[in-house]
Each structure stands twice: as C-alpha cells, then as structure tokens.
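Colleague: Could you take me through this model, with the cut-offs behind each term?

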Number of protein chains: 2
Amino acid sequence: MALIISLTPILYLCCFGLFVSSVLSAKARHFKWEVEYMYGAPDCLEHVVMGINGQFPGPTIKARAGDTLVIHLTNKLHTEGVVIHWHGIRQLGTPWADGTASISQCAINPGETFVYRFKVDKAGTYFYHGHYGMQRSAGLYGLLIVDVEEGKKEPFQYDGEFNLLLSDWWHKGVHEQEVDLSANPMRWIGEPQSLLLNGRGQYNCSLAAHNSKGSGLPACKFRGNERCAPNILHVMPNKTYRLRVASTTALASLNLAIGKHKLLMVEADGNYLEPFWVNDFDIYSGETYSVLFHTDQQPTDNYWISVGVRGRKPATPQALAILHYQSTTASKLPTIAPPQTPLWNDYSHSKSFSKKIRARLLGSQNPPPITNHRRIFLLNTQNRIDGYTKWAINNVSLTLPPTPYLGSIKHGFSNAFDQKSPPDSFVNTYDITRPPSNPNSTYGNGVYMLKFNTTIDVILQNANALNANVSEIHPWHLHGHDFWVLGYGEGKFTKKDENKFNLKNPPLRNTVVIFPYGWTALRFMADNPGVWAFHCHIEPHLHMGMGVVFAEGVHLVGKIPDEALSCGLTGKMLRSKTHN
Amino acid sequence: MALIISLTPILYLCCFGLFVSSVLSAKARHFKWEVEYMYGAPDCLEHVVMGINGQFPGPTIKARAGDTLVIHLTNKLHTEGVVIHWHGIRQLGTPWADGTASISQCAINPGETFVYRFKVDKAGTYFYHGHYGMQRSAGLYGLLIVDVEEGKKEPFQYDGEFNLLLSDWWHKGVHEQEVDLSANPMRWIGEPQSLLLNGRGQYNCSLAAHNSKGSGLPACKFRGNERCAPNILHVMPNKTYRLRVASTTALASLNLAIGKHKLLMVEADGNYLEPFWVNDFDIYSGETYSVLFHTDQQPTDNYWISVGVRGRKPATPQALAILHYQSTTASKLPTIAPPQTPLWNDYSHSKSFSKKIRARLLGSQNPPPITNHRRIFLLNTQNRIDGYTKWAINNVSLTLPPTPYLGSIKHGFSNAFDQKSPPDSFVNTYDITRPPSNPNSTYGNGVYMLKFNTTIDVILQNANALNANVSEIHPWHLHGHDFWVLGYGEGKFTKKDENKFNLKNPPLRNTVVIFPYGWTALRFMADNPGVWAFHCHIEPHLHMGMGVVFAEGVHLVGKIPDEALSCGLTGKMLRSKTHN
C-alpha cells in the first residue's frame, strides 16, 4: 500500500526559467497550435480533455516583456468553435485578440485557423484559457509566463523558479454540465472530484496516506511515468525560489501552503506587490501570484505543497505536490503531514490576507486618480427567470449575442444587442441579507458604454443567494485592464465607506474577490479602446449570466481582422457588400 | 413484476394521416426550429439528447408533393455548429439546402439562423437528420412524410397510417464516441445499448417478459406517461394500414416483423415498389419503407411489433411496440411472444429480400438507360493510417475540408481540396477475401467530377476488414439523387456480372446495402447540378472516412446563399471583396 514514486527522473519542472531565460530575447514568437479533444488522465481516471498539440494542459508560453506573440490557432474539434483568451494581457491596440467569443471575435470554425497577434507588454505571471461555452472547464488552458525585458531585473532575487497551474476537475463532461446548468430545474454540478496541479491530480487515493490523519483514502500507487504522477519541485538547500501560481479553476477558491516554509508574496496578476510573508495564501479563480520561499528547512527531509478548497464546504481532497530537497534520497516522501487548509468558512483568514495586498510602487505602477468620473454599482444576485436559475447583475442576467460586440459597436449595428444601457445601480432598499424578495430577473445583453479616458469606479455588491443564509464568493475578472482594488467591506456599501479606500498603494489586479455579504471597490481608467468582459470567473456562474460588458473608445479601434467578424451581423455585412 | 401500461390514452399515433391529410394543400410550409441539447430518456435512462423545439425526436413534418418547405433553423447549442440533411429529398435546384456540412454549406453558428428552403417534389417516406460530426447519433433526427399531391392517389389503398422511426442508442455521449473513434488505438463504440422506435426504447427490461422465453430481462414497469413508454399502434379489425418505417440508426441493420401479420412492401426511399409479401423485412440505416398490413388476426388479442439487429452479432435486445386491436380491453398485452428476428448472420435471408425489390413502373419511374458513360469501382476497405483505424474507398479515407465543396468548386478555389480526382478503380489483383496485405492508406478529400447529364455506374465492392474473416455490411447513401439498383453479387465483381443486371425494373433508391464479401451495382444520371456526398450511412464509418464526393454541373448551380458560404475560403472571398 506504499506510495511508489521515483523522485529523480521528473526533472522537467526544475529550474526551467534559469536556463531558458538566457536564450530569450525580445522578439516575435510564433506558435502553431491545434486544439482538439483527446484522452487524458487528469486525476488518474481516464477522461476526454481539451488539449493543444496533444498536450494537457496546453504548452507553457515563455516570453519577455515587449515580445509579440503570434499564435496560429487551428481548430481541430469536430463540430465546435473555439477561442483562447490571454488572461491578464491587456491587448493594448489589439482588442480583437482578447479571445472572448461573442465579445472580441467570432469563434474559430472547425478546420479553420485564427492568428492571435498581440504584445505582452508587462512582465508577470499569466495564463490562457478557452472562453467559449465551458471549454475552460474541459481543460483548455495553460500558462503564459512573461519575463522582464532583456537586461532588466525583477525587484527581487531568486535562484530558480517553478510554475503551478491550479484547476479543478469533474468526471462529468462539460457538454453535460452545460445542459445541467441550463436545465429547469437547474442541476448543480457539485464540488469538483479533484484538484489538479499542472493538470495532475489523484482521485480516490492520497499521496500522503502514510502521514496524513483521517483522510481515509488509501495510498496512491504509481508504477512510474503515469500522466497523473505528482508534481515534484526539485530544490537545492539554502536557495531562494520563485513559485508562480495561477488558478484557472472552474469553481474552487483555493489555498496554498508549503509545509514548514514561509512564503513571500511578491507579485499578483502581473503587478508587483509590497512584499509580505504568509504561511499560506488564498487564490481565487482568475488570479495569479508569485511567491518566494527559501529552502531553509531540514534538507534531509522533503515537504508537501498542499492546495485545498476555501469558501465552499469542501468535498474535494487537498491536492499535493512534493518539494524535494535534492540532498535527500530519491524515494523519500515527506515525513511531516501536509499543511492543513484553513477551515473553508474562516473568512477572516481570507479577508486578512486580501487586505494585506499592497502595490509596490515602482516605475510603471502608480496610485489611482483620487476621484472618479462615474461609479457603477453592481449587485450580484442569484435569480430565477421562468423557473431557470440564473445569476444576475443589477437584475440583468447576461446572454451573449451571436454577433461579437466589438464588431457590432464599431460598425454601428443597433440591432445586435440591447441598446439600452444596463442600470448603474440597484434599488436602494434592496436587502442583501436575505434571498431576493422577488427573485424574477430578466435576460439582457446591453453594454456599459464608458466615456473614453475617464476614471470608472465599480462597487461590486454581494448579496444573499436564493437560499437563506447563503452568500457565495465571486472572483470578478476584468478584460483589457488592470484595476486598483480600493477596498473591501462588510454589508451594503455606503457613501462613508469611501473614507476607507486605499488611494495610496492599492494593488493593481485584473481579478478580485467579493466576500459573502460584502462589497469590493475598484477603480480603473477606461483608456483601452475595445469591448471588454467583466465577469465572475466561476465558469458555471458566467454560464448562468454573471457578467457585464464594458465598451470604451471603440471609434479608436483600428482595423479589426475580417476573421474576427465572420459571424452574425458583421459577417453578413462583410459578405453583402459584395453585392453593392 | 407485471408490465403496467394503459393502452387507451396514447392516441397520438393513431390514424394521424387520415384527418391531417384533409387540411393539407400544396403550398409553402414554414417552420421555426431551434436545435438544442436537452435531457431526454430515450431508453428510460435519462440522457442528454439533441432536440428540436424541446422535442426528441424532432417534429414530424407532413407535407404534400410539390410543397415548398421553409425551415428557419436556429442553432441554440452553446459552442457547436449544426446542419440538417433532408434525407431522400433530391434538392433539385437547391443543392445548398442539402444540409451537409463541408459539402453543401457552412455549419450554422451558435445563435444564428439558416433558412432551408426546398421543394419536396415527390411523395414518399423521408426523414431528416444532423449531418455534422456525429450529431445524428446524438438524436438530431425526425420524420418527413410527403403525401401525394392534392387530388392524386397512391397506387394502393389503406385506411390509416402509422410511422416508425428506428434508431439505436448508446449511453456514452457522442462527443466521447468521436474521440474514441479518432483515438490511436481506435476504441470501438460497441453495439448500441438500446434500439428506439420513435425515440422510445426500454433499457434493461422487457415489455414481453411475460411471454418471451430466455430474454432474461425483468418486466418493464411503467406508471404511465413515461417518455419511454412503448409505442402503441391502435387499429380497428379488418382494415388495411400503411406503416411507414425509416431507419436513422448510427450502426445497426434491423429487421422488422409484426406478430401473425404479413407485410406488403409497397414503397422504398420514396419510390413505389412492385408489391410483394413478406413475414419480416430488413432495413438498413438510411432506408425507408412503406408496408401495408391487414388487421385480419384474432381481434381479441394484441400483437408485438418487433425490431432486432441483423448483420452484426447482436448485443442489443429487440425493440418492441404494440399493435393494439381496439376491440381488446385496454390493458391486455399480446399473449403470443414477439416474432424472433432472423439470425444475425443469416445473410441468405437478407439477400433474398433485397433481390425481391423491384420498381413499380408508374408515371415518374422509368427503367434505367441501358448503357453507362462511366463506371466507377469503389473498393470498401478498413485500413490503418499511422496507427489510426480508418475506412477507405479505393485506398483513400475521406477527410472533409473546412470550405464546403459546393462553394469552393463554384468559385474555383483550387486550394480548397485535392484537385486530383480519386481513383475510378482499384488494383485488379486485390484480394477481397483477406485483410488488406498493406493496410496503409491515405487521407484525401478529392472529388469525383461527373460530366453533367451522363450516366454513371458505381460498383460498390466489399472486402475483408482488418481482422481475418470479417466483412461488414455497409448501407451506402447518395445525396441529391435516386439510383437504380442493378444487382447484387458475391465475391469480386467481374465483367460478366453485367449480364445479371436488372435493366427492366430495378428499384430506384437513395440507399443500398453491400453484403459481406459482395458487390452491389447501381446506376444514376448525373443530372442534378451540385456537389453530393455518397457515403456509408453508418455514422462511425463515415466519421472514419468512408465516403466519396461527387460533383456535377456546378456551373449550372444558381446563386448560393451567402450564409451557406460564410466559412473557410468562400467566407474569406466574400469578406475580402469589400476591400477591392
């Protein structure tokens, strides 16, 4: 019943950044990718996954700030369209390359190729993923690591680096999940069967059976070379390592810890943080962090890296990886039990962490403007429309139109979507502590038209879901921008909460959480011509309507590639012009 | 453990044609259809199915010869394209409405609507189904019944009519089936779990447990109104009924019998037959038949209609429906056991039936030209390409291109597909009795360019598959035409087999079977401008490359709707013209 894994042969993770960086230089980097369904074994159980060039997760892109990425993406699916979103990349000047179906482009047809060409202007930890239907949940994701420009240095030092891409995994296929979520009555997909680290998890067994109390799972058995073998991070004693962590979970909020090792938070969503030490940290879907740690522990032992669920009553075992001190013998498993994830509903732990996050004001990072031009309140509610369970923002549940907004706005199609703007706020008397008194809501696909180059505040207001005493975590992700996180608070936001805003060194992020029954305030400059999704990064929540659309300066957008406009009304327009 | 079904309330099938036909008249018939995934229970187990307007199978279309059907088909799938093929309708003058992705049109994008507008010129029993990926297997199908023109009469009489749409059903979803079939090594999908009659089957139980020997299955229990409750055909004694039967199975060849009732074959694939009596008949995927039967049996009993598998070792129980004499009490199940399907490998039974089929030469049906302008031999083989299992025709395994042929040929895109014609024959020394000596094959997407208005013979030549002593049944379906079935034979076709051709009254069909190790000869006029698939109607076989493409008189094709050309090179052409 012992865990049999060889710690030596799996070297692919080791210090990759160290020897690759020397051959990188600022340039155009070309990739030819094919997306297809294939068999994988994400948690040791064989399952269909979405792969890129036969890999799951997709290939890790390594680039330098200032590089242009040119990804020729060919759709090898049989009947489905596909797009890829480059999460955290602002797509300055290339809004059509944002990879969001119905918003920035038409989905790529089976057999066809779309070329994503965009600049990665800023060093940081990013990832990419499908943004059509629930293809992200199906496994269409990978890491995108942008190093600093040649000759420049990070504002911190390290001897090696590792990447961990976090995801969650269901045994039910995503096509069925989509039908479940759209059914009346809605069938909730439940908690994930497994958590995956770099696409690897272990279902129904424990790597740490020999030293974990009460997991009740038998020890995992490996013969070697299993696709689901655990990640092993090979380290030398007394060094400093950078661990880049990105979460592309469909649902789970997570917490990461490394046994006995403290973690120094240095980067979030591609922006530097004022460094601070933690024992563990929460990471929500859509977020990335870099942490530094010193290999200052007993080098004759190994240590568990553990990742567990937060914010929902967990029904999914912790995911584990091994921090392997290279001085130890090859097969020695950690003798100390894995760190325990904080209690799922210990929100004070989560809030304490979130509130510690501060920007490190270096060259490119500035404090926000001290005033805003417009403030938009977004009430997050769970609703019912004709018996269907939906999520709605200010009582509107987003249904994406067949013609992508970027093209329809640029070309002035007034019939492509609701021309009436969705509301900037919600009724003052709304009781966020109870289920909606009238849970009825409406479908909509209107757009928040933001005046170009104005400062926008968004107050994300959480509320009670349909069931009493339930308010969920929602990580909100903004495309095309980083925003300043001005603050978090409890209950309903009031004018006097402004006084608590951090206007000095709020962190720049592209994703931020709202806590149950709380609010989160953020500010951004509407300075990137394009149309941008802003949505809950929980895949089923977005599927059920939890998002809004911002448009700004679309008249300044350059020539959109025809391929991005080939569907819906813009496709018709382009085709019909031949007859004029 | 008794079967509890009420025979009285389910009247929807009864004599529908009788009272509907009086309100029909030649005209344009408009339909608004939405295709979506939904939950159904095809064989009592709940499963995601493809539905139209919330129905599975899709709605039955009733029309009259000469009518124009106008179907506004909206794709409500989340990420998949969709098309619908109108199986058996020749699409005279409207080849872009044939509903075959990659051949006649671009798949309809999610959220978009395509209008199928075409004439049903000929009375008969037809059906429609998805023709993209394996969407037919997913349940996208329904019946299309065309009555004779107002004031005209069928060449036979009957008092009422019923429809039975036959299909087979797997518990594994089609997306996974597609991955299985495309995997290396290929994973065969196996035999279906259930056979469905009008979309209804009963998994793991038997309707006839009380009078069937050895099925070993427990009796089905129904509380009433189950979506998988058996079909009940309510008849009056001493009448004549027309039973229209269509098979849209993904794999199974079937045989149908009605206990104690003889069947008079009168129509096949929308063409009249010289009537002949049988006790049971085989029906292959893609075929339709009309049979007449007299309700001349003991009217105090009821009778089983049974459908079972032929040509493959069956692992699927017979499907059953009930012929209910209305004089019997409501709950009385047939006292006589269901007819037993002939042994699966009793090919002489099958061949005897096929060879009895003769055209009834009335007005529109003529004997074929007595000579041909071109004869194409098509060798059917199972092959391996780089380890992938494929089916190939003359050593070419069809891979459909992203730009539909109709548009790319009409607009002269020489880079849209292989410009070299696939071969008209195969090497003379090929040994059809053994596995291919060199199983290697090639992918291809070339087209057989047929000179317009010429007479084409096709000799379909069966052969041994990859495993020794295996040769499978393949029902071949031709789009856009009916063909004359000139004859069937054993072994390799030779010149002298021509002497056995029936040139006097061969049946006109759109689908014909090749028997194991045998050949089938057919003839058709290349007189319908367009591009037409000719393929094995077994869905996984087509998925694995078992088809060819014919093109004829494409220069005579009228204006193709832009919507049919919106993808691939034609889409690019239409869009780029705006910049000239």
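This is a predicted model: local features need pLDDT of at least 70, side-chain atom pairs count only at pLDDT 80 or more; totals for chains, interfaces and linings use all residues.

Modeller: Residues are numbered from 1 along each chain as its sequence is written, chains are lettered from A and ligands numbered from 1 in the order in which they are written, and side-chain values use heavy atoms, with hydrogens and water left out.

Colleague: What is the area buried between chain B and chain A?

Modeller: The size of an interface is often given as the accessible area lost when the parts come together. Here buried area is the accessible area (1.4 Å probe) that two parts lose on being put together, summed over both. The contact (heavy atoms within 4.5 Å) takes 39 residues from chain B and 39 residues from chain A. Carbon and sulfur atoms give 57% of the buried area, which is about 3200 Å².

Colleague: Which element gives the most to the side of chain B that touches chain A?

Modeller: Across this interface the rule finds 13 residue pairs in polar contact, both at pLDDT 80 or more, a polar contact being a pair of N or O atoms within 3.5 Å; within protein, one must be able to donate a hydrogen and the other to accept it, and residues adjacent in sequence count only if both atoms are side-chain atoms. The elements, which are DSSP runs numbered from the N terminus (helices H or I, at least four residues; strands E, at least two), that give two or more residues to the chain B side are β1 (28-40), α2 (174-182) and α6 (568-576) of chain B. The one that gives the most, with 6 residues, is α2(B).

Colleague: Which residue of chain A meets B:E46 in a salt bridge?

Modeller: A salt bridge is a side-chain nitrogen of Lys or Arg within 4 Å of a carboxyl oxygen of Asp or Glu, and the rule finds 2 salt bridges across the interface of chain B and chain A. In one of them, at 2.7 Å from N to O, the side chain of B:E46 meets that of A:R187.

Colleague: Why is strand β19 of chain A described as largely enclosed?

Modeller: In a regular strand the side chains alternate between the two faces of the sheet. On one side of β19(A) lie A:A319, A:A321, A:L323 and A:Y325, and on the other A:L320, A:I322 and A:H324, all of them buried, where buried means under 20% relative accessible area (1.4 Å probe, protein chains only). Strand β19 (residues 319-325) of chain A is largely enclosed by the rest of the structure because its buried residues number 7 of the 7.

Colleague: How many bridges join strand β18 of chain A to β19(A)?

Modeller: Two strands pair if DSSP finds at least two bridges between them, and strand β11 (residues 232-235) of chain A pairs with β19(A) in the parallel sense over 4 bridges. Strand β18 (residues 303-310) of chain A runs antiparallel to β19(A), with A:S306 opposite A:L320. The number joining β18 to β19(A) is 5 bridges.

Colleague: Which side chain makes a polar contact with the side chain of B:H481?

Modeller: B:H481 sits in the loop between β26 (474-478) and β27 (483-490) of chain B, and B:H481 is buried, with a relative accessible area of 4%. A polar atom of the B:H481 side chain lies 2.9 Å from the backbone oxygen of B:H479. At 2.6 Å, the side chain in polar contact with that of B:H481 is B:E552.

Note on methods: Buried means under 20% relative accessible area, exposed over 50%, partly exposed in between (1.4 Å probe, protein chains only).
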